[in-house]
Amino acid sequence: MSYLRTDRELNARDEPTARERELIDAVDALLTTADPAGLIKDETQWYLGTAGEGEENLELSLPLGRDREIALRVLLADGSFTVGWGGELGENPLVTVFEAVAPSLGEMTAAVETELSRTLRVSGRRRLFGGASELHLHHGGSWIDLLRGGTPSREQDLKQASYEVTPRTV
């Protein structure tokens, strides 16, 4: 099963560079092997040339949850590499967890795998007016609220989140 997909109309370029293709294939293989129990949807996308200028400009978006309101974002741009949670195309992630200049493919794949191994606290409860479910990430020894811009999670919200999961659950 292949997870990563693209929409040619959304891309500014037609073909990935060799390095971009390696990263796409490595993350796709990681997701296929991990089979993350439906938390990461198969609408996972890759985009070329949408987040900035330059020869290398690849963004991967790995959505989480029922509403796909939060995504693990991977950005490779002119030799720099960032992995983080949340944000839109071209925006800074809510929580940057890995940044490197000219990393190896192994380092990039390991950074994505680390993020897929984090514990999330999730609830299917929807907020008023069709708002998103609770979604908290365990990061740096504490819980942060991904739906509130990466701020520390409030205790009452953590209590409402009904179960803990790891995206890389086999």
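This is a predicted model: local features need pLDDT of at least 70, side-chain atom pairs count only at pLDDT 80 or more; totals for chains, interfaces and linings use all residues.

Me: Why is Asp145 called buried?

Reply: Buried means under 20% relative accessible area. Asp145 has 1% relative accessibility, so Asp145 counts as buried.

Me: Which residues does Asp145 touch, leaving aside those up to four places away in sequence?

Reply: The contacts of Asp145 are Leu135, His136, Gly150, Thr151, Pro152, Ser153 and Asp157. A contact here requires heavy atoms within 4.5 Å.

Me: How many salt bridges does the structure hold?

Reply: The structure holds six salt bridges. Among them is the one between Glu56 and Arg19.

Me: What makes Glu56 and Arg19 a salt bridge?

Reply: The cut-off is a side-chain nitrogen of Lys or Arg within 4 Å of a carboxyl oxygen of Asp or Glu. For Glu56 and Arg19 the closest N and O atoms are 3.4 Å apart, so the pair meets the definition. Glu56 lies in the loop between strand 1 (45–48) and strand 2 (57–64), and Arg19 lies in helix 1, so the bridge ties together parts that are 37 residues apart in sequence.

Me: Are these two partners buried or partly exposed?

Reply: Glu56 counts as buried at 11% relative accessibility. Arg19, at 24%, counts as partly exposed.

Me: What separates Asp25 from Arg21?

Reply: Asp25 and Arg21 are four residues apart in helix 1, which means a separation of about one helical turn. Their side chains meet in a salt bridge, 3.0 Å from N to O. Asp25 is partly exposed at 40%, and Arg21 is partly exposed at 33%.

Me: How do you know that Glu59 and Arg73 form a salt bridge?

Reply: The N to O distance for Glu59 and Arg73 is 3.8 Å, and the limit is 4 Å, so the pair counts. Glu59 is in strand 2 and Arg73 in strand 3 (residues 70–77), so the bridge ties together parts 14 residues apart in sequence. Glu59 is buried, with a relative accessible area of 4%, and Arg73 counts as buried at 12%.

Me: Why is the aromatic pair called edge-to-face?

Reply: The structure holds one aromatic pair. The ring centres of Phe81 and Phe98 are 5.6 Å apart and the planes stand at 70°. Centres must lie within 6.5 Å to pair, and planes over 60 degrees apart count as edge-to-face, so this pair is edge-to-face. Phe81 is in strand 4 (residues 80–85) and Phe98 in strand 5 (residues 95–101), 17 residues apart, so the pair links distant parts of the chain. Phe81 is buried at 1% relative accessible area, whereas Phe98 counts as partly exposed at 24%.

Me: What describes the packing of helix 1 and helix 2?

Reply: Two packed helices are described by the angle between their axes and the distance between the axes. The axes of helix 1 (residues 18–34) and helix 2 (residues 105–116) come within 10 Å and cross at roughly 35°. The crossing is right-handed.

How values were computed. Residues are numbered from 1 along each chain as its sequence is written. Side-chain values use heavy atoms; hydrogens and water are left out. Axes are lines fitted to C-alpha atoms, for helices over the stretch in contact, and angles run from 0 to 180 degrees between N-to-C directions. Helices (H or I, at least four residues) and strands (E, at least two) are DSSP runs, numbered from the N terminus. A crossing is left-handed if the near helix is turned anticlockwise from the far one by less than a right angle, and right-handed if clockwise. Buried means under 20% relative accessible area, exposed over 50%, partly exposed in between (1.4 Å probe, protein chains only). Rings of Phe, Tyr and Trp (its six-membered ring) pair if their centres lie within 6.5 Å; planes under 30 degrees apart count as stacked, over 60 as edge-to-face and the rest as tilted.
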